[in-house]
Amino acid sequence: MPPSRARTTTALALLLLATTACTAAEHEPTPAPHPAPVSRQVKQLRLPLDAYASTAAETHLVEDAQDILIRRCMNDRGMEWKTLPPVDPQDTEPPNLRRYGADEVESVHYGYHPRPDPPSVLRRNRAWDERDALPAEVQRAAYGRSGRGGCLKTAAHQLVGDTAPPDYHAFNQLTGTALETSRRTPEVRDALRTWHTCMAKAGFDYPDPYAAAGSERWKTAAPTPAERATARADVACQKSAQLVKVWAAVETRIQHRLIRQNTDRLHEAKARKDRWLAAARRVLNREGG
């Protein structure tokens with residue numbers, strides 16, 4: 001079987017799974033051709049540990065370079081290999097989208113539902129799905145019986161030799177610790193109380209933005225008017241409480257401390273990631289990509 005398709009490692013994906021209920025419906029809404037953009041605030045939100053994660057663009061870069069090498073290997077075996085279609089850089093989500101709650105622009109259009117995938121992301125996802133349906137012989141040649149062998153293993157060796165794949169365990173662990181630690185600080189707790197009071201005045205009773213986003217009421221095929229109204233009130237109360245500003249400042253301080261305490265571990269993780277990225281760029285530059 002082929003390996004799982006790569007996904008960007010972000011604190012959002014990890015922490016929302018751990019601290020909130022899933023907001024996705026059992027049947028996702030029909031994707032819009034061009035999803036609404038996210039707010040300027042979330043585009044500009046950067047945290048110290050972001051330097052040790054991988055952006056969506058970096059993930060795609062490594063995938064694309066490895067795909068070129070897999071194609072060469074497969075061609076040498078007399079088999080065709082269709083490389084993944086590119087993703088438009090503008091179609092990738094910011095790294096900290098929804099980290100502290102709903103986004104202002106998204107709340108208007110989608111409530112708490114995930115924003116639909118942009119066209120270039122949909123094309124790439126369809127290409128991954130097509131690989132799942134490849135004949136068994138082709139899959140074995142590409143990925144081996146283990147899912148990590150075959151031309152995939154050959155391509156990885158050609159790319160970086162014996163360098164192990166990027167390991168984001170340190171980032172995942174520390175960014176989760178930073179979020180949960182910051183959530184319990186007096187500054188953030190005060191801001192959350194202000195947010196809760198604001199929401200109560202608007203007729204909503206949720207302890208924090210995660211609970212609002214994770215309500216069972218929103219597990220519908222598409223956002224409801226009530227969901228959008230709740231999300232808009234949520235964002236308005238975030239602004240009133242300056243929640244994102246306060247929380248980001250506190251977490252930035254905590255992340256800097258964690259980085260100092262884990263310098264060697266994070267340095268090794270970043271060095272490995274950077275080696276993969278540099279090798280991928282060399283392959284793509286040779287191909288004119």
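This is a predicted model: local features need pLDDT of at least 70, side-chain atom pairs count only at pLDDT 80 or more; totals for chains, interfaces and linings use all residues.
1. Residues are numbered from 1 along each chain as its sequence is written, and side-chain values use heavy atoms, with hydrogens and water left out.

2. Where does this pair sit in the chain? Cysteine 198 belongs to helix H9 and cysteine 237 to helix H11, 39 residues apart, and the pair links distant parts of the chain. (Helices are DSSP runs of H or I with at least four residues, numbered from the N terminus.) Cysteine 198 is partly exposed because its relative accessible area is 21%, while cysteine 237 counts as buried at 2% relative accessibility. The cut-offs are under 20% relative accessible area for buried, over 50% for exposed and in between for partly exposed, with a 1.4 Å probe and protein chains only.

3. By the sulfur distance rule there are two disulfides. The other one joins cysteine 73 and cysteine 151, again with sulfur atoms 2.1 Å apart, and this link is left-handed with -70° about the S-S bond. It too connects distant parts of the chain: cysteine 73 is in helix H3 (residues 56–76) and cysteine 151 in helix H7 (residues 150–160), 78 residues apart. Both cysteine 73 and cysteine 151 are buried. Counting the bonded cysteines in sequence order, the pairing reads 1-2, 3-4.

4. The largest nonpolar core has 38 residues, and Tyr100, Trp195 and Trp247 have the most contacts inside it. (Such a core is a set of buried Ala, Val, Leu, Ile, Met, Phe, Trp, Tyr and Cys residues joined through side-chain atoms within 4.5 Å.) At least two residues each come from helices H8 (169–183), H9 (186–201), H10 (209–213), H11 (225–241) and H12 (243–261). H12 gives the largest share, eight residues.

5. Tryptophan 247 is worth a look of its own. Apart from neighbours within four places in sequence, tryptophan 247 is in contact (heavy atoms within 4.5 Å) with Tyr100, Leu179, Ser182, Arg183, Val188, Leu192 and Tyr210. A second, separate core has 26 residues, among them Tyr143, Ala155, Leu159 and Val160.

Key. A disulfide is a pair of cysteine sulfur atoms within 2.5 Å.
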